[in-house]
Amino acid sequence: ELDRQDEVLELISIEDSDRMLLTEQAISWYSTMALLKSGKRKEALEKIHPLTEQHGPYQSDALKLEKVLLK
């Protein structure tokens with residue numbers, strides 16, 4: 001088991017970074033919703049754009065919302 005320590009630590013750090021990315025995406029998504037609710041359309045567009053470029057659960061919705069905000 002000690003021989004595999006580095007391999008396991010690498011897997012754990014990858015898993016944590018993926019989890020962190022999903023958390024950051026959720027924060028961006030809900031921050032965008034708050035900006036829209038506050039009438040800050042331009043700021044919302046700036047906040048949502050990175051989500052359109054990142055793979056994740058918010059990407060397709062972010063692309064749709066960005067299209068609407070650009071009209």
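## Exercises on helix packing and ring pairs

Thr 52 lies in helix H2. The model used here is predicted.

**Exercise 1.** Determine whether Thr 52 is buried or exposed, and list what Thr 52 touches beyond four places in sequence.

*Solution.* Step 1: the relative accessible area of Thr 52 is 8%. Step 2: buried means under 20%, so Thr 52 is buried. Step 3: leaving out residues up to four places away, the contacts of Thr 52 are Gln 59, Ala 62, Leu 63 and Glu 66.

**Exercise 2.** Work out how the buried residues of H3 are arranged around the helix axis.

*Solution.* Step 1: the buried residues of H3 are Gln 59, Ala 62, Leu 65, Glu 66 and Leu 69. Step 2: viewed down the axis, these residues fall within an arc of 125°, so they line one face of H3. Step 3: Lys 64 and Lys 67, on the other side of H3, are exposed.

**Exercise 3.** Classify the ring pairs that involve Tyr 58.

*Solution.* Step 1: the count comes to 2 aromatic pairs. Step 2: Trp 29 and Tyr 58 are stacked, with 5.7 Å centre to centre and 25° between the planes. Step 3: Trp 29 is in helix H1 and Tyr 58 is in the loop between H2 and H3, so this pair ties together parts 29 residues apart in sequence. Step 4: for Tyr 30 and Tyr 58 the centres are 6.4 Å apart and the planes lie at 80°, so the pair is edge-to-face. Step 5: Tyr 30 is exposed, at 54% relative accessible area, whereas Tyr 58 is buried, at 17%.

Conventions:
Residues are numbered from 1 along each chain as its sequence is written. This is a predicted model: local features need pLDDT of at least 70, side-chain atom pairs count only at pLDDT 80 or more; totals for chains, interfaces and linings use all residues. Side-chain values use heavy atoms; hydrogens and water are left out. Helices (H or I, at least four residues) and strands (E, at least two) are DSSP runs, numbered from the N terminus. Buried means under 20% relative accessible area, exposed over 50%, partly exposed in between (1.4 Å probe, protein chains only). Contact means heavy atoms within 4.5 Å. The arc is that of the directions from the helix axis to the C-beta atoms. Rings of Phe, Tyr and Trp (its six-membered ring) pair if their centres lie within 6.5 Å; planes under 30 degrees apart count as stacked, over 60 as edge-to-face and the rest as tilted.
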